[in-house]
Amino acid sequence: MKRSTMALTAALGLGLAASITAVPASAATTTATSAAVAPAHHGHTSTAASRAAYVGSAAEQADNQAFFDAVMKSAKAKQAASPGLRTVTVVYDASNAPSFANEIANSARIWNSSVRNVQLRSGSNADFRYYEGNDERGSYASTDGHGRGYVFLDYQQNEEYDSTRVTAHETGHVLGLPDHYSGPCSELMSGGGPGPSCTNPYPNSAERSRVNQLWANGLKALDKNVFTTVR
């Protein structure tokens, strides 16, 4: 929470899994019986562990880089079939996070209206997926190790913190932004640093500029230092 280093944790400031798995176990359980055991996330009570997870840890850095790499490589492979396009489309699948459908859609709208070189679209053959469930680590983003990534949205954490901010923050990792927990509420990637009272779901001008830079001209070479940029 006090860190000034922008360790691009793909964990919306919500704590990334220390290990890479195809699908988070809690999400697999939830989505398998979503109609029966995945009620709307409102009403869940946060725990000390989930609140602490929101401010992340240095151990998340490698997983976050792998996540961004996977999403960009997947988008690049699709883009190669249509050379000359200046805007990259990153496709997401939210079908495994039905309780967060509105937050995910709002997050995509926020980012699509904020940047021009990359756009988020819901669809099949997704570059990354959203999942929901309970996890003491809170919400996070990771990769399945096979060229695809996922964002996990934790019920309890999203009850404690503004859910649209949480989702937009996690999606910021998809687009290449690091965490900066010591930042102000006006900075989306400050995550849980400003506390639960912060409800801002919008990236600031510096964050918007950084995303446009990373995805400039459709197929910009991946910046290998993106996850360790010092502010």
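Which backbone oxygen does the side chain of N117 reach? The structure is a predicted model, in which local features need pLDDT of at least 70, side-chain atom pairs count only at pLDDT 80 or more, and totals for chains, interfaces and linings use all residues. Residues are numbered from 1 along each chain as its sequence is written, and side-chain values use heavy atoms, with hydrogens and water left out.

The N117 side chain reaches the backbone oxygen of N212 at 2.7 Å. Such a polar contact is a pair of N or O atoms within 3.5 Å; within protein, one must be able to donate a hydrogen and the other to accept it, and residues adjacent in sequence count only if both atoms are side-chain atoms. N117 sits in the loop between α5 (101–114) and β3 (118–122). Helices (H or I, at least four residues) and strands (E, at least two) are DSSP runs, numbered from the N terminus. N117 is buried, at 11% relative accessibility. Buried means under 20% relative accessible area, exposed over 50%, partly exposed in between (1.4 Å probe, protein chains only).

N212 belongs to helix α8 (residues 205–214) and is one of its buried residues, along with E207, R210, V211 and L214. At the start of α8, a side-chain oxygen of N204 lies within 3.2 Å of the backbone nitrogen of A206.

The structure holds 1 disulfide (a pair of cysteine sulfur atoms within 2.5 Å). This bond joins C185 to C198, with an S to S distance of 2.1 Å. Both cysteines lie in the loop between α7 (163–174) and α8, 13 residues apart. The S-S torsion is about 90 degrees, so the disulfide is right-handed. C185 is partly exposed at 28% relative accessible area, whereas C198 is buried at 5%.
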